[in-house]
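Trainee: I'd like to learn how to read a model like this one. Could we go through it together, feature by feature?

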Amino acid sequence: TKWDAARFLHLAVDPSRRDPEHLACQPAEDSHSSDNHRDMDDRDSRCEANAFRVSEEAHAFFPMFPMCVRFVANVLDQFSDQYGCIPKHFLPPSYEGTTVLAALLWNMTCFLLTTWALNDATQSILANHTGRNTNATATLARRVTLIFIYNPASVFFLTSYSESTFAALNFVGHAVYLRMRTRSRYAWWILAVPFWMAASYTRSNGSINAVFLMLEAVAILMSGTRYGATRRTLHTSLDTMVHLLGAALVMYPIRLHDVQGWNRHCGSMAALQANAQDRAPSQHSMPEWCTGNDIHSFSLYKHVQREHWDVGAFRYYEWKQIPNFLLAAPVLIASFLGVCLWIRQSMFQFHRIHPLPRTRSPLDATRWGVSWGMQALRLSDIQTRANLPTKKDDDVARDDDMALICMPAMLPYYAILFAIALVGLIIAHVQISTRLICSSSPAMFWCLAWLSLRQRIAGLRIIQCYCGLYIALGIILHVNFLPWT
């Protein structure tokens with residue numbers, strides 16, 4: 001293993017790599033010579049700087065995936081050594097090798113769970129559109145599922161990366177939310193929010209689900225048809241507060257991870273390190289960023305990403321990175337195309353009800369655009385089938401695929417797709433956009449499925465060639481430790 005996979009596995013085998021005091025050098029033997037004292041101080045400073053570098057870089061990798069891998073590895077060892085359920089020759093000879101096997105088994109399980117969740121979420125979306133489950137609904141959901149199984153970033157869903165774990169927690173949360181919110185007002189909160197919190201403790205982009213809940217909260221506030229007039233204010237306020245509380249809880253693990261990193265480097269850990277080396281705490285006992293920053297406003301994760309990986313707005317825009325931009329171009333184009341298609345279809349539907357006057361001023365066009373946006377956001381929280389005419393059986397198969405791209409309820413999902421694609425294009429290392437988007441947004445696969453159905457043979461062949469090429473290149477390049485997305 002190499003790159004991020006090696007870092008995740010090291011943290012699974014030895015979680016103390018996050019703690020700088022466990023990485024510091026042992027104090028050298030004392031000497032009365034002033035030159036030796038200076039050499040000892042220089043040596044200690046270099047060792048501490050290296051320990052801080054290792055522990056800071058470890059902070060860029062969230063704890064959930066290494067914890068899960070370590071748990072599975074311990075279970076395999078226990079079943080082999082204590083219970084004899086697994087013959088010893090079936091497992092690697094070392095604990096490190098068992099950890100690699102555990103990561104593979106864990107990610108395969110998560111990949112299957114993600115596949116089921118995406119299929120279930122798609123069927124729930126379409127059932128809300130048609131008011132029932134049909135053969136056409138199941139067929140379209142299978143198309144979406146197949147595109148995910150053969151997605152261009154599938155190599156990262158099986159190797160020792162956190163994408164598979166994150167996608168499973170993320171997509172299961174959406175599947176639960178889509179199923180439960182039409183049945184009970186608050187059951188989704190109890191079931192979906194814990195999955196999204198775990199996703200935030202797996203990858204930092206878990207914060208997108210907080211954005212999703214905040215959009216839903218705004219939609220609830222703008223919706224005036226969910227309840228009768230006598231209960232509208234109370235229920236609307238309560239629903240909004242529940243969604244905002246869920247958004248705060250989803251963000252909490254990310255903040256917790258930052259606070260834990262601060263305490264390891266700037267809190268009691270730094271004092272313990274100085275005491276263990278039998279000297280008073282000095283400026284070398286803590287990283288430089290501990291001074292002049294406040295725990296409540298400082299984000300260690302952002303600092304590490306910026307200082308160690310040069311992550312930031314437009315920092316990756318260099319001539320030498322053109323090949324990486326070309327690698328990410330297909331998924332970024334597909335994402336922005338999906339967002340544009342949703343906007344186009346949504347505007348078209350709104351125009352049929354509220355047409356623009358033939359002679360209009362820029363102010364009229366602006367007002368119409370604002371009205372469209374407000375209407376789209378308001379409808380995103382209403383059961384779509386209640387706002388659409390009843391469909392005949394022969395119309396369902398023809399119109400189901402349109403639900404993937406033009407349903408009002410799809411607004412939060414395409415907003416998230418746009419935000420993630422923008423992060424990949426502007427802030428993150430652009431080559432990770434493929435796995436970033438494929439593990440974060442179900443709308444990506446809904447868009448590809450819609451394109452494959454609307455463009456028929458040509459669209460399907462383009463998607464097949466794209467996914468097949470990236471799968472083949474990923475298998476060849478990644479397993480040979482060559483740069484890939």
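This is a predicted model: local features need pLDDT of at least 70, side-chain atom pairs count only at pLDDT 80 or more; totals for chains, interfaces and linings use all residues.

Trainee: Where does S200 lie in the secondary structure?

Mentor: S200 belongs to helix α8, which covers residues 187-200.

Trainee: And is S200 buried or exposed?

Mentor: For that you look at relative accessible area, and anything under 20% counts as buried. S200 has a value of 0%, so it is buried.

Trainee: Which residues is S200 in contact with, leaving aside neighbours within four places in sequence?

Mentor: Contact here goes by heavy atoms within 4.5 Å. For S200 the list is F62, G206, S207, V250, P253 and I254.

Trainee: OK, zooming out. How many helices and strands does the chain have?

Mentor: There are 19 helices and 0 strands. To see how such a chain is put together, check how far apart in sequence the contacting residues are. Among contacts with a separation of 6 or more, 78% are between residues 24 or more positions apart.

Trainee: How much of the chain is buried?

Mentor: Of its 485 residues, 49% count as buried.

Trainee: Which residues have the most contacts inside the largest nonpolar core?

Mentor: To read a core, you follow buried nonpolar residues joined through their side chains. The largest one has 75 residues, and W188, L213, Y414, I437, F445 and W446 have the most contacts inside it. Helix α18, residues 442-454, supplies the largest share of this core, with 9 residues. Take I437 from that group: beyond its neighbours within four places in sequence, it touches V331, L332, S335, L417, I420, A421 and M444. There's also a second, separate core of 22 residues, with L9, A12, L76 and W262 among them.

Trainee: Which residues make the nonpolar surface patch?

Mentor: L104, L105, M108 and L158 make a patch of about 320 Å². Helix α4, residues 95-130, gives the most to the patch, with 3 residues.

Definitions and conventions: Residues are numbered from 1 along each chain as its sequence is written. Side-chain values use heavy atoms; hydrogens and water are left out. Helices (H or I, at least four residues) and strands (E, at least two) are DSSP runs, numbered from the N terminus. Buried means under 20% relative accessible area, exposed over 50%, partly exposed in between (1.4 Å probe, protein chains only). Patches are made of residues with over 30% relative accessible area and no salt bridge: like charges are joined within 9 Å, nonpolar side chains (Val, Leu, Ile, Met, Phe, Trp, Tyr) within 5 Å. Accessible areas come from the Shrake-Rupley method with a 1.4 Å probe; for residues, only the protein chains shown count as cover. A salt bridge is a side-chain nitrogen of Lys or Arg within 4 Å of a carboxyl oxygen of Asp or Glu. A nonpolar core is a set of buried Ala, Val, Leu, Ile, Met, Phe, Trp, Tyr and Cys residues joined through side-chain atoms within 4.5 Å.
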